[in-house]
Amino acid sequence: MPTDLSGTWNLLSSDNFEGYMLALGIDFATRKIAKLLKPQKVIEQNGDSFTIHTYSSLRNYLVQFKVGEEFEEDNKGLDNRKCKSLVTWDNEKLTCVQKGEKKNRGWRHWIEGDRLHLEMFCEGQVCKQTFQRA
């Protein structure tokens, strides 16, 4: 049985967010503002179906998917690109590969101890974020 990621999670730390946003082509002003944000994630997991809300004072983002089923993801409010996304379990890590304009793009969520970890990657840049249960 895969790990249950459900819960409300507050950002504790973020490493190389600027580099990741630069790889996505996000403009200078938005990058500077986004680095100051402390987003909150609310993950609802029902078997292989997920709803992930990311809330911040700048913008909110919602993604819904079922593990193993490719879907079209609209990253409106992030880098405003559409991509084909496929989420799978890689051992205990929920892993997403996003195919589109940007190469080697995606993310991974997993839990270690009482922390939620998120790794976002794009074109060789990796951002590592750690969240604590609210």
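How much space lies in the largest pocket? In this predicted model, the answer is about 750 Å³. A total of 36 residues line that pocket, and the closest to its centre are Phe17, Tyr20, Thr54, Leu78 and Met120. Two or more lining residues come from each of β1, α1, α2, β3, β4, β8, β9 and β10. Of the elements, α1 gives the most, with five residues. By type, the lining of the largest pocket holds 18 nonpolar, 11 polar and seven charged residues.

Just after α1 comes Gly25, with a positive phi of about 85°. The UniProt record, an unreviewed entry, places the feature "domain: Cytosolic fatty-acid binding proteins" at residues 7-24. This span is 44% helix and 50% strand, and the C-alpha atoms at its ends lie 28 Å apart.

Attention now turns to the nonpolar core. The largest one has 27 residues, and those that touch the most other members are Ile43, Phe50, Phe65, Val87, Leu94 and Trp107. At least two residues of this core come from each of β1 (7-15), α1 (17-24), β3 (49-55), β4 (61-66), β7 (93-99), β9 (115-122) and β10 (125-133).

What volume does the largest cavity have? The value is about 40 Å³, and one cavity of 30 Å³ or more is counted. The largest cavity is lined by Arg81, Lys82, Cys83, Gln98, Lys99, Gly100, Glu101, Lys102 and Arg105. Within this lining, one residue is nonpolar, two are polar and six are charged. The strands β6 (82-90) and β7 each supply at least two of the lining residues.

Is Arg105 buried or exposed? Arg105 counts as buried because its relative accessibility is 6%, below the 20% cut-off. Arg105 sits in strand β8 (residues 105-112). Leaving aside neighbours within four places in sequence, Arg105 is in contact with Leu24, Asn75, Asp79, Arg81, Cys96, Val97, Gln98, Phe121 and Cys122.

Arg81, for its part, is found in the loop between β5 (71-74) and β6. With a relative accessible area of 16%, Arg81 is also buried. Beyond residues up to four places away in sequence, Arg81 touches Leu24, Glu73, Asp74, Asn75, Glu101, Lys102 and Arg105. How far apart in space are Arg81 and Leu94, C-alpha to C-alpha? The distance between Arg81 and Leu94 is 22 Å, and the two are 13 residues apart in sequence.

Methods. Residues numbered from 1 in each chain as written. Predicted model: local features only at pLDDT ≥ 70, side-chain atom pairs only at ≥ 80, totals over all residues. Heavy atoms only, no water. UniProt positions renumbered as here; feature names shortened; annotations may be inferred. Helix = DSSP H or I, 4+ residues; strand = E, 2+ residues; numbered from the N terminus. Core = buried A, V, L, I, M, F, W, Y, C linked by side-chain atoms within 4.5 Å. Buried < 20%, exposed > 50% of the residue type's maximum accessible area, 1.4 Å probe, protein only. 1 Å grid on protein atoms, 1.4 Å probe; cavity = no way out; pocket = protein on both sides within 12 Å on 5 of 7 lines; lining within 4 Å. Points joined across faces, edges and corners; volume = space filled by probe spheres on them. Nonpolar A, V, L, I, M, F, W, Y, C, P; charged D, E, K, R; others polar. Contact = heavy atoms within 4.5 Å.
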